[in-house]
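Let's take a walk through this fold, starting with the overall layout and then settling on one pair of packed helices. Keep the structure open beside the text as you read.

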Amino acid sequence: MFTMKNSILQQIKQRRLALELKQSDMNLRVGVSRQQYQRLESKGNPRLDTLELIAKGLNSELMLIPKEKLGAVMALLEQESSELTAGTGKDYSSAAINPAKEAANKKLSDDPWQGLLGDES
């Protein structure tokens, strides 16, 4: 879905399209006109508070990811994306074979960011 080469503006557009929203829909979600949003998405240089509003309107979060953890985050996003396109979103076959793996996956699904920043909680 997202690649590291994508700019934040490209990612915003991709997220809006994934949610099947039009630029004009962002007025109700973010409080900016279609023209303002179109300008921002195409070549804008938004302020941080504007980015936070847009992220909220797209049911997303802004996050700084340490470069050394970026690969793990991208792999997690790709895995989630491929599971969703597979239809079920879950791999039932491995859970039936290995209950310990099922428990570990459940814990990971409760907190998908666990351990990515070096904490062991």
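**A tour of the helices**

The protein has 7 helices and 0 strands, where helices (H or I, at least four residues) and strands (E, at least two) are DSSP runs numbered from the N terminus. Along the sequence that reads as α-α-α-α-α-α-α. This is a predicted model, in which local features need pLDDT of at least 70 and side-chain atom pairs count only at pLDDT 80 or more, while totals for chains, interfaces and linings use all residues. Residues are numbered from 1 along each chain as its sequence is written, and side-chain values use heavy atoms, with hydrogens and water left out.

Of the 121 residues of the protein, 19% count as buried. Buried here means under 20% relative accessible area, exposed means over 50%, and partly exposed is in between (1.4 Å probe, protein chains only). As for contacts (heavy atoms within 4.5 Å), take those between residues at least 6 apart in sequence: 52% of them join residues at least 24 apart.

Now for helix 1, residues 8-18. Its buried residues are Leu9, Ile12 and Arg16. They sit on the same side of helix 1, because they cover an arc of only 55 degrees around the axis; the arc is that of the directions from the helix axis to the C-beta atoms. Who does the covering? Helix 2 (26-30), helix 3 and helix 4 (48-57) are included in what covers these buried residues of helix 1. Just after helix 1, glutamate 20 takes a positive phi of about 60 degrees.

Helix 3 spans residues 34-43, and in it Tyr37, Leu40 and Glu41 are buried. These residues cover an arc of only 95 degrees around the axis, so they lie on the same side of helix 3.

The axes of helix 1 and helix 3 come within 7 Å and cross at roughly 125 degrees. Axes are lines fitted to C-alpha atoms, for helices over the stretch in contact, with angles running from 0 to 180 degrees between N-to-C directions. Helix 1 brings Leu9, Ile12, Lys13 and Arg16 to the contact, and helix 3 brings Tyr37, Leu40, Glu41 and Lys43. By class, that contact has 4 nonpolar, no polar and 4 charged residues. In this scheme Ala, Val, Leu, Ile, Met, Phe, Trp, Tyr, Cys and Pro count as nonpolar, Asp, Glu, Lys and Arg as charged, and the others, Gly among them, as polar.

Zoom in on glutamate 41 of helix 3. Glutamate 41 counts as buried because its relative accessible area is 8%. Not counting residues up to four places away in sequence, glutamate 41 touches Leu9, Ile12, Lys13, Arg16 and Gln23. With glutamine 23, the side chains make a polar contact at 3.0 Å (a pair of N or O atoms within 3.5 Å; within protein, one must be able to donate a hydrogen and the other to accept it, and residues adjacent in sequence count only if both atoms are side-chain atoms).

Arginine 34, also in helix 3, touches Gln23 and Ser24, leaving aside residues up to four places away in sequence.
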